[in-house]
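Please look at the sequence and the model below before reading the notes that follow.

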Amino acid sequence: PAAIWGAMPPEQNPFFKRDVAKAKQLLQEGAVTTPIKLTLRSIVGYSALNAAAQVIVENLKEIGISAEIQQVDLGIWIDEFSNRKLNTFTMNSWGGFIDPDILYYNHFHKQPGGRDFRRWNNDEISALLDKGRTTVDQVEREKVYLQVQKMVAEQCPWIPLYSADIVSAQTKTVQNFKVHPSGFYHGLRYVGISG
């Protein structure tokens, strides 16, 4: 997410621009016969995810992929995701990360160090993530995490769709409130009410 230090600027992402013709070409090169029918798993009650899922379904139609959205309760989704029972692609919401290590290590590092939820099993990514933990020098760590983001974009074990803006509103009497980039209410101890 853009609010976290070390975020790759979108224009540096090698696949940032939408390219329907290229998507069709890649399907042909991979000998993928369309039309294809898939299920897109989402979570009941997550309105932003479900709205995004509808956009994905419409975009996939353009390249000959038909996707049906299937919403499940959060507990079912967590069980399937955590225990690697999903046999389709899914929507997911991440939040609360204030450091790239927290964001990437658990999700992409090979087991047993990480959980590698996507079963990527990538030695190079695991080595980079280990390297990111070997120094406290933020400049050096940023280089590592930019490499990680580039590899994720190129090899596509996960497609980050967007990073939501966090918006807050308060009356003029609320003092010292600042939105934390994690989305959590860190720093509320400094908030006060005036007059």
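Axes here are lines fitted to C-alpha atoms, for helices over the stretch in contact, and angles run from 0 to 180 degrees between N-to-C directions. Helices (H or I, at least four residues) and strands (E, at least two) are DSSP runs, numbered from the N terminus. This is a predicted model, in which local features need pLDDT of at least 70 and side-chain atom pairs count only at pLDDT 80 or more, while totals for chains, interfaces and linings use all residues. Residues are numbered from 1 along each chain as its sequence is written, and side-chain values use heavy atoms, with hydrogens and water left out.

**Packing of α4 with α5**

- Helix α4 (residues 100-108) packs with α5 at an angle of about 145 degrees, and their axes are 10 Å apart.
- The crossing of α4 past α5 is left-handed, a term used if the near helix is turned anticlockwise from the far one by less than a right angle, clockwise being right-handed.
- Contact, meaning heavy atoms within 4.5 Å, is made by Tyr104, Tyr105 and Phe108 of α4 with Ile125, Ser126, Leu129 and Asp130 of α5.
- By class, this contact of α4 with α5 has five nonpolar, one polar and one charged residue, where Ala, Val, Leu, Ile, Met, Phe, Trp, Tyr, Cys and Pro count as nonpolar, Asp, Glu, Lys and Arg as charged, and the others, Gly among them, as polar.

**Packing of α5 with α6**

- The axes of helix α5 (residues 123-132) and helix α6 (residues 138-155) come within 9 Å and cross at roughly 160 degrees, and α5 and α6 are therefore roughly antiparallel to each other, the word for angles over 145 degrees.
- The crossing of α5 and α6 is left-handed.
- On the α5 side, Glu124, Ile125, Leu128, Leu129, Lys131 and Gly132 meet Arg141, Val144, Tyr145, Gln147, Val148 and Met151 of α6, and the contact comprises seven nonpolar, two polar and three charged residues.

**Strand pairing around β1**

- Strand β1 (residues 36-43) runs parallel to strand β2 (residues 65-72) and is joined to it by eight bridges, where pairing requires that DSSP finds at least two bridges; Ile36 has Ile65 of β2 as its bridge partner.
- Strand β3 (residues 89-90) also runs parallel to β1, with two bridges between them, and Arg41 is partnered by Thr90 of β3.

**Surroundings of Trp158**

- Trp158 lies in the loop between α6 and β4 (174-175).
- Leaving aside neighbours within four places in sequence, Trp158 is in contact with Trp94, Tyr104, Phe108, Arg118 and Val152.
- The C-alpha atoms of Trp158 and Thr90 are 9.9 Å apart, although the two residues are 68 residues apart in sequence.

Terms used:
Parallel < 35°, antiparallel > 145°, perpendicular 65-115°, else oblique.
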